[in-house]
Every structure is written in C-alpha cells, then in structure tokens.
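The entries below follow the order in which I went through them.

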Amino acid sequence: MYEIEYNFIHKFIKESQVLEISCGEGELLDLFKNEFITKGIGYGENTAKLASQKHKLYYSKLPPINLRIKCDLIIFRGSIQYLLNPKKYFSSFLMLED
C-alpha cells in the first residue's frame, strides 16, 4: 500500500520537503527518505518515538500543535476525518505560501 502511494506521488514531486501528519512509525516516510527531506507529526507516544529515530518528528496530540513548518507536500492519510475544521487545523501550524 505504501509503495503504491509513493510511486504515484513520486511522479509529481522533485526536491521536496515531505510532511506526513499522523505518520505512525514512519513507514510511508521511509520510502521518501533517500530523496527528500522527511518530517512527521506523531500523535501516539510509542509510534512517535519509533518514527523520531528515522525522521524529523513533531509530537503532539490532535488537534493543533502550533508549529510553523515549511513543506512542499503534506500527506494526511487515514486521520483527516477526525478533524472538525481541517483548513483551520492546517493554517494553525503550516506556513502556507501562494
């Protein structure tokens, strides 16, 4: 599953900073690590600890964490449905550029 998603996404990005929100243990980020700068936001203490050994990790509890993170690609899979206002959530910690 992660390889299918990576192969699809990889066609469209070059030299990017990739941020995965709710990254678990960082399995999807692992696929990006050799070519891209990888960052993750972890919400589970145990899984965040494992992901932080491989990627730049920000630990928080859902919702907002009040960070200013610059990235080119945001991956948010399997968790967005838990947010009442996703746009407000993203704007609370991302530096969104035109």
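Entry 1, charged pairs. I began with Asp30 and Lys54, whose side chains meet in a salt bridge at 3.0 Å, N to O, where a salt bridge is a side-chain nitrogen of Lys or Arg within 4 Å of a carboxyl oxygen of Asp or Glu. Asp30 lies in helix 2 and Lys54 in the loop between helix 3 and strand 3 (56-59), so the pair ties together parts that are 24 residues apart in sequence. Helices (H or I, at least four residues) and strands (E, at least two) are DSSP runs, numbered from the N terminus. I noted Asp30 as partly exposed, with a relative accessible area of 30%, and Lys54 as partly exposed, with a relative accessible area of 30%. For these classes, buried means under 20% relative accessible area, exposed over 50%, and partly exposed in between, with a 1.4 Å probe and protein chains only.

Before going on I wrote down the ground rules. This is a predicted model, in which local features need pLDDT of at least 70 and side-chain atom pairs count only at pLDDT 80 or more, while totals for chains, interfaces and linings use all residues. Residues are numbered from 1 along each chain as its sequence is written, and side-chain values use heavy atoms, with hydrogens and water left out.

How many salt bridges does a search of the whole structure find? I found two, and one of them joins Arg77 to Glu5, with the closest N and O atoms 2.7 Å apart. Arg77 lies in the loop between strand 4 and helix 4 and Glu5 in helix 1, so this pair ties together parts that are 72 residues apart in sequence. Arg77 is partly exposed at a relative accessible area of 23%, and Glu5 counts as partly exposed at 25% relative accessibility.

I counted four helices and four strands in the protein, and read along the sequence they follow the pattern α-β-α-β-α-β-β-α. Of the 98 residues, 39% count as buried. The protein exposes about 6500 Å², of which carbon and sulfur atoms supply 52%; these areas come from the Shrake-Rupley method with a 1.4 Å probe, and for residues only the protein chains shown count as cover. I also checked pLDDT (the predictor's confidence in each residue, from 0 to 100), which averages 82 in the protein, with 85% of the residues scoring at least 70. Confidence is lowest in helix 4 (residues 86-91), at a mean of 74, and highest in helix 2, at 95. Where pLDDT is low, the predicted coordinates should not be read in detail.

I took a nonpolar core to be a set of buried Ala, Val, Leu, Ile, Met, Phe, Trp, Tyr and Cys residues joined through side-chain atoms within 4.5 Å. The largest has 14 residues, and those with the most contacts inside it are Ile9, Ile13, Val18, Phe32, Phe36, Leu73 and Ile75. Helix 1, helix 2 (27-32), helix 3 (45-52) and strand 4 (73-76) each supply at least two residues of this core, and the largest share, three residues, comes from helix 2. Apart from this core lies another, of eleven residues, among them Tyr43, Tyr58, Cys71 and Leu83.

Tyr2 lies in helix 1 (residues 2-10) and counts as partly exposed at 26% relative accessibility. Leaving aside its neighbours within four places in sequence, Tyr2 is in contact with Glu27, Leu28, Leu31 and Arg77; Tyr2 and Leu31 are 29 residues apart in sequence and 8.0 Å apart in space, C-alpha to C-alpha.

Thr38, in strand 2 (residues 37-42), counts as buried at 8% relative accessibility. The C-alpha atoms of Thr38 and Leu19, 19 residues apart along the chain, are separated by 6.1 Å. Not counting residues up to four places away in sequence, Thr38 touches Val18, Leu29, Phe32, Lys33, His55 and Lys56.

How values were computed: Contact means heavy atoms within 4.5 Å.
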